[in-house]
Amino acid sequence: AHIKLLNAKEYRCLEILWTHESKWDPRANNPKSSAYGIPQLLKLKEHDPYKQIDLGLKYIEHRHKTPCKALAYHKLKGHY
């Protein structure tokens, strides 16, 4: 699977989003849901932080197209 390289603006949005979600901790666990890992994806079972990042980027691309759109959605809804 191909993941697009992020420009500086999109990386900054990703950094803000995932810092808020997990502080980039690959063991971050949400007690209120099944969200796990750096991207806090629901039902995520992957423990490798590099694979978590890949899965998180694929999720963002599929659902929101860009990290900045995902961050804007998060600011409105409290999740992405």
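Colleague: What covers the buried residues of H3?

Modeller: In this predicted model, the cover over the buried residues of H3 includes H1 and H2. The buried residues themselves, within a helix that runs over residues 67-77, are Pro 67, Cys 68, Ala 70, Leu 71 and His 74. They span an arc of only 155 degrees around the axis and therefore lie on the same side of H3.

Colleague: And what does the face of H3 turned away from its buried side carry?

Modeller: That face carries Lys 69, Leu 76 and Lys 77, which are exposed. After the helix comes Gly 78, with a positive phi near 85 degrees.

Colleague: Why is H1 called oblique to H3?

Modeller: The two helices pack at an angle of about 40 degrees, and their axes are 8 Å apart. Roughly parallel would require an angle under 35 degrees, and roughly perpendicular one of 65 to 115, so H1 counts as oblique to H3. The crossing in which H1 passes H3 is left-handed.

Colleague: Which residues make that contact, and how do they divide into nonpolar, polar and charged?

Modeller: From H1 the contact takes Lys 9, Glu 10, Cys 13, Leu 14, Ile 16, Leu 17, His 20 and Glu 21, and from H3 it takes Pro 67, Cys 68, Ala 70, Leu 71 and His 74. Of these residues, eight are nonpolar, two polar and three charged.

Colleague: How do you know whether Gln 52 is buried or exposed?

Modeller: A residue counts as buried when its relative accessible area is under 20%, and Gln 52 has 0%, so it is buried. Gln 52 lies in helix H2. Leaving aside residues up to four places away in sequence, Gln 52 touches Pro 26, Tyr 36, Gly 37, Ile 38, Pro 39, Leu 44, Glu 46 and His 47.

Colleague: Why does Gln 40 count as buried, and where is its place?

Modeller: Its place is in the loop between strand E1 (35-36) and strand E2 (41-42). Its relative accessibility is 10%, and the limit is under 20%, so Gln 40 counts as buried. When residues up to four places away in sequence are not counted, Gln 40 touches Glu 21, Ser 22, Ala 28, Asn 29, Asn 30 and Ala 35. Its C-alpha atom is separated by 8.1 Å from that of Gly 56, 16 residues apart along the chain.

Colleague: What is said of phi at Lys 23 and Lys 43?

Modeller: Most residues other than glycine have a negative phi. Lys 23, however, has a positive value, near 55 degrees, and Lys 43 likewise has a positive phi, of about 60 degrees, although it is not a glycine. Lys 23 is in the loop between H1 and E1, while Lys 43 is in the loop between E2 and H2.

Colleague: How do you know whether Lys 23 and Lys 43 are buried or exposed?

Modeller: Exposed means over 50%. Lys 23 has a relative accessibility of 68%, so it counts as exposed, and Lys 43, at 65%, counts as exposed on that criterion.

Colleague: What makes Lys 45 and Lys 32 exposed?

Modeller: Lys 45, in the loop between E2 and H2, has 67% relative accessibility, which is over 50% and therefore counts as exposed. Lys 32, in the loop between H1 and E1, has 81% and so counts as exposed by that cut-off. Between C-alpha atoms, Lys 45 is 19 Å from His 62, 17 residues apart in sequence, and Lys 32 is 18 Å from Thr 19, 13 residues apart along the chain.

Note on methods: Residues numbered from 1 in each chain as written. Predicted model: local features only at pLDDT ≥ 70, side-chain atom pairs only at ≥ 80, totals over all residues. Heavy atoms only, no water. Helix = DSSP H or I, 4+ residues; strand = E, 2+ residues; numbered from the N terminus. Buried < 20%, exposed > 50% of the residue type's maximum accessible area, 1.4 Å probe, protein only. Contact = heavy atoms within 4.5 Å. Arc of directions from axis to C-beta. Axes fitted to C-alpha atoms, helices over the stretch in contact; angles between N-to-C directions. Parallel < 35°, antiparallel > 145°, perpendicular 65-115°, else oblique. Left-handed = near helix turned anticlockwise from the far one by under 90°. Nonpolar A, V, L, I, M, F, W, Y, C, P; charged D, E, K, R; others polar.
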